[in-house]
Amino acid sequence: MGPRPTSPSLNGAVRLEPVTVHERGGLSAVVILASLPGPAVPPRRAVATVALLGLLAGPLNQGLFFAGLQRSTAAHAALLYALTPIGVYVYSILRGREVPRTRAGLGLLLAFSGALVLLLAHGLRALSGVFVGDLLILGAVTAWVLYTAEGKAFIGEYGALRATAWSMIAGSLWMLPIAPWALRPELVLASGPVVKAAIIYLAFLTSVVSYLLWYWALGRTDASKVAVFSNLQPVVTALAAWGVLGERIGWEVAVGGVMVLAGVRLTSAPGRTRD
């Protein structure tokens with residue numbers, strides 16, 4: 001599940017940009033790293049990998065996502081990110097890191113189909129939108145697929161916590177050159193408590209905690225098995241909208257939810273991997 005930040009305009013006060021969110025996430029990662037025993041700086045042989053993971057997680061994943069979301073719709077973004085498990089599975093097979101399994105392939109397709117039911121239940125209008133925005137979001141999805149697949153071996157050597165902190169800091173450094181043009185601290189300082197709380201939430205939970213949990217899970221099972229859980233997002237979102245916003249739950253939640261859960265179950269069945 002790509003940890004998915006959003007870029008809402010809260011109370012009309014400030015628009016949350018990827019630089020604002022990721023720089024604060026990078027600062028949180030520094031604090032986490034400082035509390036860990038062992039080296040705070042990656043060894044020389046790992047610098048290139050850390051830089052690559054930071055580039056994928058920061059400017060490419062979050063940067064392209066925010067840019068695409070401004071030109072597309074939330075439904076498009078959710079649908080395109082539902083492709084993540086399939087992308088991770090295919091990439092891992094091509095790299096020789098996973099063995100093709102019929103059961104896993106069927107599970108991924110079933111989970112994606114369930115997400116499709118949830119997202120398109122109210123008509124094909126969700127498919128209409130701006131091509132450029134969708135293309136940018138697809139680039140963000142590709143970056144997240146690579147971040148997931150390439151990060152698995154790295155966390156096996158350095159651990160999920162350290163790998164996450166290093167990649168978050170690297171992502172912040174990649175974004176640093178554009179910070180003077182993108183950051184608007186005066187708007188953040190002048191905003192209300194809801195906006196400030198949203199920034200803290202996005203920076204710490206979606207940009208640190210969720211990345212950490214993602215890599216923690218990657219250290220314990222196949223990349224495709226971890227990624228398939230991202231298809232649970234539409235199900236959880238629908239239930240949260242019902243519980244928090246009072247939105248109606250339709251047939252699509254039951255049908256799509258069952259399909260997603262069945263797909264996750266199929267994909268999560270034990271299988272063979274390659275080191």
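Student: In which helix is L108 found?

Tutor: L108 is found in helix α5, residues 102-120, where a helix is a DSSP run of H or I with at least four residues, a strand is a run of E with at least two, and both are numbered from the N terminus. Please keep in mind that this is a predicted model, in which local features need pLDDT of at least 70 and side-chain atom pairs count only at pLDDT 80 or more, while totals for chains, interfaces and linings use all residues. Residues are numbered from 1 along each chain as its sequence is written, and side-chain values use heavy atoms, with hydrogens and water left out.

Student: Why is L108 called buried?

Tutor: Buried means under 20% relative accessible area, exposed means over 50%, and partly exposed is in between, with a 1.4 Å probe and protein chains only. L108 has a relative accessible area of 3%, so L108 is buried.

Student: Which residues does L108 touch?

Tutor: Leaving out residues up to four places away in sequence, L108 touches P85, I86, Y89, S224, V228 and T267, where contact means heavy atoms within 4.5 Å. One of these, Y89, is 19 residues from L108 in sequence, and their C-alpha atoms are 8.6 Å apart in space.

Student: What makes T164 buried?

Tutor: The relative accessible area of T164 is 3%, and therefore T164 counts as buried. T164 is found in helix α7, residues 160-175, and touches V208, Y211, L212 and Y215, again not counting residues up to four places away in sequence.

Student: Why is F131 called exposed?

Tutor: F131 has a relative accessible area of 61%, so F131 is exposed. F131 has its place in helix α6, residues 131-158, and together with V132, L135 and L138 makes a nonpolar surface patch of about 390 Å².

Student: How do you know that E157 and R45 form a salt bridge?

Tutor: A salt bridge is a side-chain nitrogen of Lys or Arg within 4 Å of a carboxyl oxygen of Asp or Glu. The side chains of E157 and R45 meet at 2.7 Å, N to O, so the pair is a salt bridge. E157 lies in helix α6 and R45 in the loop between α1 (18-34) and α2 (47-69), so the pair ties together parts that are 112 residues apart in sequence. R45, at 61% relative accessibility, counts as exposed, whereas E157, at 46%, is partly exposed.

Student: What makes R95, R97 and E150 a network?

Tutor: These residues are linked by salt bridges: E150 forms one with R95, the closest N and O atoms being 3.7 Å apart, and the side chains of E150 and R97 meet in another at 3.3 Å, N to O. E150 lies in helix α6 and R97 in the loop between α4 and α5, so this pair ties together parts that are 53 residues apart in sequence. At 17% relative accessibility E150 counts as buried, while R97, at 23%, counts as partly exposed, and R95, at 47%, is also partly exposed.

Student: How many helices and strands does the chain have, and what percentage of its residues is buried?

Tutor: The secondary structure comes to 13 helices and two strands, and buried residues make up 48% of the 275 residues in the chain.

How values were computed. Patch = residues over 30% accessible without salt bridge, like charges linked within 9 Å, V, L, I, M, F, W, Y side chains within 5 Å. Areas by Shrake-Rupley, 256 points an atom, 1.4 Å probe, with all protein chains shown as cover.
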